[in-house]
Amino acid sequence: MTALWRRFVASNQSFMRLPLWVRLWILIGLGGVNAAALALTHWPTGFWASWALTAIVAVNLPMVLIQQGYGRILALPHLVVWIPLCVYAFLRLLADDATAGEQLYAALLLAVNGLSVAFDLRDSWHWLRGDRAVA
C-alpha cells in the first residue's frame, strides 16, 4: 500500500469517527449546497460559489491528507473564503438583476455557509487555544 493511499484510508477512518450529524452536515448540508454551485455557474452566485468551493478543496484536502484526518484547523480556510462569499450572497439577494432562482440559491448559500462560519469560529478559537486533536 502506498503512503498516499494510507493517508486516504486514515482520513476516511477519521471522518467515520466524527459524530453522525457532523458527517451528514459535511456531506449533505455544507457539501451539497456548495457542490450545487458547480451546476449553477450561469448565475453570478453560482460562479463565485464554485470558485470558493474550489479554493476550500484545494486547501483543505491536502491538510486532511497531511494530518491524516479531520481537525479544527480545517475551519480557518472556511473563515477566509466563506465570509466574503456570504457577503456576496447577501448582496445578490438585493441585486435587481438576480433572478428568483439565483436569489433562492443565494439565500440557501447564505444560510448554510453562515451556519458554517458560526461552527468555524468556534473550531478556530479552540484550535488557536491549542486543541490540535484530529478525529
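Mentor: Happy to! A word on classes before we start: Ala, Val, Leu, Ile, Met, Phe, Trp, Tyr, Cys and Pro count as nonpolar, Asp, Glu, Lys and Arg as charged, and the others, Gly among them, as polar. By that scheme, the lining of the largest pocket has 24 nonpolar, 8 polar and 5 charged residues. Do keep in mind that this is a predicted model.

The largest pocket holds about 1,100 Å³ of space. It is lined by 37 residues, and L18, I26, Y70, L74 and H78 are the closest to its centre. Two or more lining residues come from each of α1 (3-17), α2 (20-35), α3 (44-67), α4 (75-94) and α5 (100-128). Of these, α2 gives the most, with 9 residues.

Let's stop at H78, which sits in helix α4. With a relative accessibility of 11%, H78 counts as buried, because the cut-off for that label is under 20%. Beyond residues up to four places away in sequence, H78 touches L30, I56, N60, I83, S116 and D120.

Now compare W82. Leaving aside neighbours within four places in sequence, W82 is in contact with L30, I56, S116 and D120, among others, including N34, A52, L53, N113 and V117. W82 also belongs to the largest nonpolar core, a group of 19 residues in which A49, W82, L85, Y105 and L109 touch the most other members. The elements giving two or more residues to this core are α2, α3, α4 and α5.

Methods:
Residues numbered from 1 in each chain as written. Predicted model: local features only at pLDDT ≥ 70, side-chain atom pairs only at ≥ 80, totals over all residues. Heavy atoms only, no water. 1 Å grid on protein atoms, 1.4 Å probe; cavity = no way out; pocket = protein on both sides within 12 Å on 5 of 7 lines; lining within 4 Å. Points joined across faces, edges and corners; volume = space filled by probe spheres on them. Helix = DSSP H or I, 4+ residues; strand = E, 2+ residues; numbered from the N terminus. Buried < 20%, exposed > 50% of the residue type's maximum accessible area, 1.4 Å probe, protein only. Contact = heavy atoms within 4.5 Å. Core = buried A, V, L, I, M, F, W, Y, C linked by side-chain atoms within 4.5 Å.
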